[in-house]
Amino acid sequence: MKHMALRLAVPLLLLAGWQLLASGSAQAPRPTTVAEAAIAMLRDGDLLAGLATSLGRVFAGFAIAACVAIPLGIAMGSMPTVERNLDPLVETFRPIAALAILPLVILWLGSGSGAAIAIVAYAAFFPILINTISGVKRIEPSLMRAALTMGLTPLTRMRVVLLPAALPSILVGMRIGLGIAWTAIIAAELAVGAKSGSSGGIGQMMFVFYAYSIDLNGMVVCMIAVGIVAFALDRALRWALAITVPWSRI
Amino acid sequence: MSAPKIRLDCVSKSFGGSVVAVEKLSLDIRDGEFLAIVGPSGCGKTTVLNMLAGLEPLTSGTMTLNGKPIEGPGAERGVMFQDYALFPWRTVRGNVEFGLVYGPAGQGLSPAERTERVERTIEMVGLKGSHEKYPHQLSGGMRQRVALARLMASEPEILLMDEPLAALDAQTRVILQDELLRIWGQDRPATERRTVVFITHAIDEAVFLADRVAVLSSHPGRLKQIIDIDLPRPRGDATRRSGDFARLCQSIWELIREEAYRATMN
Ligand SMILES: Nc1ncnc2c1ncn2[C@@H]1O[C@H](COP(=O)(O)OP(=O)(O)OP(=O)(O)O)[C@@H](O)[C@H]1O
Ligand SMILES: [Mg+2]
């Protein structure tokens, strides 16, 4: 009980301060006006539809990233030749922010879901890859040796020793990747929001509020919704992690 | 006498050119023999075991098993590692059954037989009721017993054990020494016994268990002497109390005392 009260105190204080500060100006969004806007947006379903579109793209891009990054990371982590050859390529692209490839992606894929998914996949790819590689490399050598002395075939060794040993690290990479993917999708949708033919998503919704209806309350509602979804995603993944790798303290 | 099971001929091992861990070690290990290796810390015992396991290449010399050079690990040589090497993502049961499920050791066993053997082994090392615990939830001694059970469950022809009982309390250690002799086959004729290479720091343990004790000296690791332990079998509590037992312990202690001091002082 006391914990709950304490936890609520900080946000409530912040809200009160915001209300006070903003009451000086007529256009500035205030907690009360934002709440009204939120209720309206929830009622007509726009907010949830926008979130659903964005989330769908995130999951699609994230799945693509994981499907490529995990096998690649295992290959790079366990085979020095593969790593030597691919590492320069990875390290060249890694610092290039997802948004920096946006112009190219739009040229190739247009401004619809395809482009958004590509951006997400690109953004989520690197954290998953890097963490998979390091997970595979950091395997306790004696575990591999134990499996060797028990006569396991290379494929079985990979499946029942290498993969579970690297799993905590892979999952951490996925958690980071998903967070980055969510950030990237909002930015990507904001950026393509102006293009005709672009379709939906919470980011585009924000762009419309900003550029056309100049509805600050709506924008703030979107921002809060983005934050809540990010928080929920992270919590869900942490929970999934605790369930999948109960032996690991991460 | 029959040809040796394992033959080490002038085996040397150095790490990075400078550290000589083992130098010119020649040793025959007989089929069905229980060989104990003692020697001061850092004298190369684990290195010898790793080479026998096929996990470390030799720097020079030859090492053969049944007359054929040892070129890599094989399931007929089971290893218990000094650091246990338990799989942290598998429970006690999952670790003990590992070799049976994924390696050749379990071939020809029905799932029911496998389960039965796993249960029996876990019970033997006194871990009944801890089946579902993960290694990080166990004490050091319990982990060591899981590693022991994992080796035992696979019933390899040759057992390579690196200080397998070092982390145990005195009572458990005595119980598991007896159990180990039973699994090795001390009640069976010599031709039906497994072959055991057993590293230990405890001289009394080496004398109680082994047919022969190889004493290594350190820096570099060399074979100092091999002592035949001609105590009658089967051995048990009476053996531990006998005068011959005490005399053998004493003579080995004198052999390595000087070594131990030298190794500790350096
Ligand atoms: N991978 C390695 N690289 C370099 N030096 C090593 C390596 N492994 C062992 N050594 C060295 O070889 C020597 C023998 O080591 P080893 O582990 O075989 O000793 P040990 O007899 O098993 O000791 P302990 O009783 O403490 O377990 C030591 O001096 C050690 O530092
Ligand atoms: Mg050792």
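**Ligand shell and chain interface in a predicted model**

The largest share of the shell around ligand 1, three residues, comes from α1(B), helices (H or I, at least four residues) and strands (E, at least two) being DSSP runs numbered from the N terminus. The structure is a predicted model, in which local features need pLDDT of at least 70 and side-chain atom pairs count only at pLDDT 80 or more, whereas totals for chains, interfaces and linings use all residues. Residues are numbered from 1 along each chain as its sequence is written, chains are lettered from A and ligands numbered from 1 in the order in which they are written, and side-chain values use heavy atoms, with hydrogens and water left out.

The residues around ligand 1 (a heavy atom within 4 Å) include B:Phe15, B:Ala21, B:Gln82, B:Glu163 and B:His201, together with B:Ser41, B:Gly42, B:Cys43, B:Gly44, B:Lys45, B:Thr46 and B:Thr47. By class, the shell holds three nonpolar, seven polar and two charged residues; Ala, Val, Leu, Ile, Met, Phe, Trp, Tyr, Cys and Pro count as nonpolar, Asp, Glu, Lys and Arg as charged, and the others, Gly among them, as polar. Oxygen atoms of ligand 1 lie 2.5 Å from a polar side-chain atom of B:Ser41, 2.6 Å from one of B:Thr46 and 2.7 Å from a side-chain N or O atom of B:Lys45. Taken alone, ligand 1 exposes 640 Å², of which the protein buries 63% (Shrake-Rupley method, 1.4 Å probe).

Chain B also meets chain A: 24 residues of chain B are in contact with 19 residues of chain A, contact meaning heavy atoms within 4.5 Å. The area buried between the two chains is about 1,800 Å², and carbon and sulfur atoms give 71% of this area; buried area is the accessible area (1.4 Å probe) lost when two parts are put together, summed over both. B:Trp89, B:Tyr102 and B:His136 supply 32% of the area that chain B buries against chain A, more than any other three residues.

One salt bridge is counted between chain B and chain A (a side-chain nitrogen of Lys or Arg within 4 Å of a carboxyl oxygen of Asp or Glu). This salt bridge joins B:Glu56 to A:Arg145, with the closest N and O atoms 3.1 Å apart. On chain B, the elements giving two or more residues to the side that touches chain A are α1 (45-53), β6 (77-80) and α3 (98-102). The most comes from α3(B), with three residues. This side of chain B divides into 15 nonpolar, five polar and four charged residues.

Terms used:
A polar contact is a pair of N or O atoms within 3.5 Å; within protein, one must be able to donate a hydrogen and the other to accept it, and residues adjacent in sequence count only if both atoms are side-chain atoms.
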